[in-house]
Amino acid sequence: MSKYVIVGASAAGIGAVEAIREVDPMGAITVISEEPCPHYSRPMISDLVSGKASFEKMKCREDKFWEKNDVQALTGRTAVSLNLSDKFVVLEGGDHINFEKLLIATGGKPFVPKIEGADKEGVFTFTTLSDAQRLAARLEKAQKVVVIGAGLIGISVTEALVKRGLTVTLVELQDKILSLLLDPKGSDIVENVIRKAGVTVVTGQSVQRITGKPENDGAVGGVVLTKGEQKPCDVVIIAIGVVPRTELVAGTEVKLNRGIVVDNFMRTNIPDVYASGDVAEAYDFTLNQNRLLPLWPLAVLEGRVAGYNMAGKKTDYAGGTNMSALKYFGIPIISIGIANSKEESAYEILTKHDPQKNLYKKLVLKDNVIVGITMVNGIERTGILFHLMKNRVNVKKFKQALLSDDFSLATLPSSVRKKVYRGD
Amino acid sequence: MKRIIAKEEYCMGCGLCEVYCTVQHSKSKDIIKAYNRENPKPLSRVRLELNKPVSFAIQCRHCKDAPCVTACLSGAMRKDEATGLVTHDADKCMGCWTCIMVCPYGAIKMDVNGKVVAKCDLCSELDVPACVANCPNRALEVKEVKP
């Protein structure tokens, strides 16, 4: 019998362990993870493929993280079902793990659309360490790669492939790359940089079919795009997005929308059962609704909130929003909240564009409150703007200064500054 | 733990805080070598923020619930439970800029080589941080606060 059982030991699971231990140093914690060493940084798997990071560097917590936090870590084990009335988790192999409080932090899995030939050897998804390791091994004898999906994951793996000297075609169904993070102008800047790095970017098309090699139909030999064009390649990487891993709660009473529905304490509709991270639909303060936001920092935060509440320290989740920082292709980008609205007329938009410097800054305001921040280059001090956004500070009197080159805390009116920077 | 407090009413905007911080975080700890010879150039972790007549120095506040620590993708940014310091391990840093996105003070900088971030370490090897010790108008002050 464990007081706390956590299924999943990536960002949300780690966050929960740390929060529980802040409140309850003694209560028994059991963590169940499919991965042998789960406490590594998933966002770093592209650095592993590029050769920039070793696995050692990717570990986001110390080696003795489980021991230090007195956690029974059942690594390499899979939770297959839940019994909510008798309060236990069933593991593959039949073991039962009883719980008082349960956190479901099973995360997400890559979304793989039905593409003919997707079962061929040489087709990869790209979210876990083992994906990265298998891909890296395959790349040893590859020359051309097609990446499907030009979102965060697609761009990250594309950069890694370019660094390894591979020829990459990036295929994006939308008209623009990174369309969840950038508006067309921002997207064009980044696309140009990526093209200059030697990548072929195809937008407004998808991969219709993955074809085999002439000598071996079971191995990837190329793709056929929507308009019929053929692209020979040795490897295809599907990076379209992730969907929540909700199999564990299928058939239970746990309320499910696209992800597991939680309240602001990360509680599901079932007493003593919590959910956090990519599997959960948590609060988005920009849209003022709960939704899937599969992002590492939010998963940690949500896991922490769950952990505190499970251990009895009532803690409210302030919410997250669609927010990402990107480092790829030497062009730093930060995008927070509303970046690429189809209804821009509903907002006040402030922009600054310097084509020479590849600099693009954009603020989206609603009733003089920041609801969207985009920075392409010039990202320093963006956190100040994020702070104003999160706290819904009225920026009417100083909004023109927010995008200036020398923007800093000193730019803010004294009354606002003193709220951010209290002298204590 | 220590916290540096900026008193903007006393700050003259001279920028000596940045100079002494740069030297303190250089290899040579020598002002001439630090500014003219070292490669990569050492970076000041304190920023003199200027919007005349307003000026003050800002550096990492070593927040209690530090958003950069929670947000850090690689585990480079940590809260030292014993000292209360927010520490940054440049060897672990992947340069993802997520901490820059969430720091409400804009106190985290991109390092000169553009590969990692850098921030104030409160000059842990000194009794008084270099920026505070060398502020000519005592516009920076160290206060003892609860970690």
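# A walk through chains A and B

In this predicted model, chain A holds an open sheet of 5 strands, ordered β21-β22-β25-β24-β23, with antiparallel pairing. Strands are DSSP runs of E with at least two residues, helices are runs of H or I with at least four, and both are numbered from the N terminus. Two strands pair if DSSP finds at least two bridges between them. The edges of the sheet are β21 (323-326) and β23 (348-354) of chain A, each of which pairs on one side only. From one strand to the next, the twist averages 10 degrees. Axes here are lines fitted to C-alpha atoms, and angles run from 0 to 180 degrees between N-to-C directions. β23(A) runs antiparallel to β24 (359-366) of chain A, joined by 7 bridges. Within that pair, T351(A) faces K362(A) in β24(A).

The loop between β21 and β22 (333-337) of chain A contains F329(A). F329(A) is not a glycine, yet its phi is positive, about 55 degrees. Most residues other than glycine have a negative phi, and most peptide bonds are trans.

Now take a parallel pair. Strands β10 (167-172) and β11 (200-203) of chain A pair in the parallel sense over 4 bridges. The chain leaves β10(A), passes through helix α7 (184-196) of chain A and reaches β11(A) in a right-handed β-α-β crossover. Right-handed means that, with the strands pointing away from the viewer, the path from the first strand over the helix to the second runs clockwise. E172(A) has T203(A) as its bridge partner in β11(A).

Chain B has 5 helices and 8 strands. From its N terminus the elements run β-α-α-β-β-α-β-β-α-β-β-α-β. Its C-alpha trace spans about 40 × 40 × 30 Å along the principal axes.

Two cis peptide bonds come next. One runs from N39(B) to P40(B), with omega near 5 degrees. P40(B) sits in the loop between α2 (31-36) and β2 (47-51) of chain B. Another joins K52(B) and P53(B), with omega about 5 degrees. P53(B) belongs to the loop between β2 and β3 of chain B.

On a 1 Å grid over the protein atoms alone, a cavity is a set of points where a 1.4 Å probe fits but cannot get out; a pocket is an open set with protein on both sides within 12 Å along at least five of seven lines; lining residues have an atom within 4 Å of a point. Grid points are joined across faces, edges and corners, and a volume is the space filled by probe spheres set on the points.

There are 7 cavities of 30 Å³ or more. The largest cavity holds about 120 Å³. Its lining counts 18 residues, with C11(B), C14(B), C17(B), C135(B) and A139(B) nearest the centre. α1 (16-24) and β3 (54-58) of chain B each supply at least two of the lining residues.

The second largest pocket has a volume of about 1500 Å³. Of its 48 lining residues, E22(A), R304(A), D65(B), A66(B) and T70(B) lie nearest its centre. α8(A) gives the most to this lining, with 7 residues.

Residues are numbered from 1 along each chain as its sequence is written, and chains are lettered from A and ligands numbered from 1 in the order in which they are written. Local features need pLDDT of at least 70, side-chain atom pairs count only at pLDDT 80 or more, totals for chains, interfaces and linings use all residues, and side-chain values use heavy atoms, with hydrogens and water left out.
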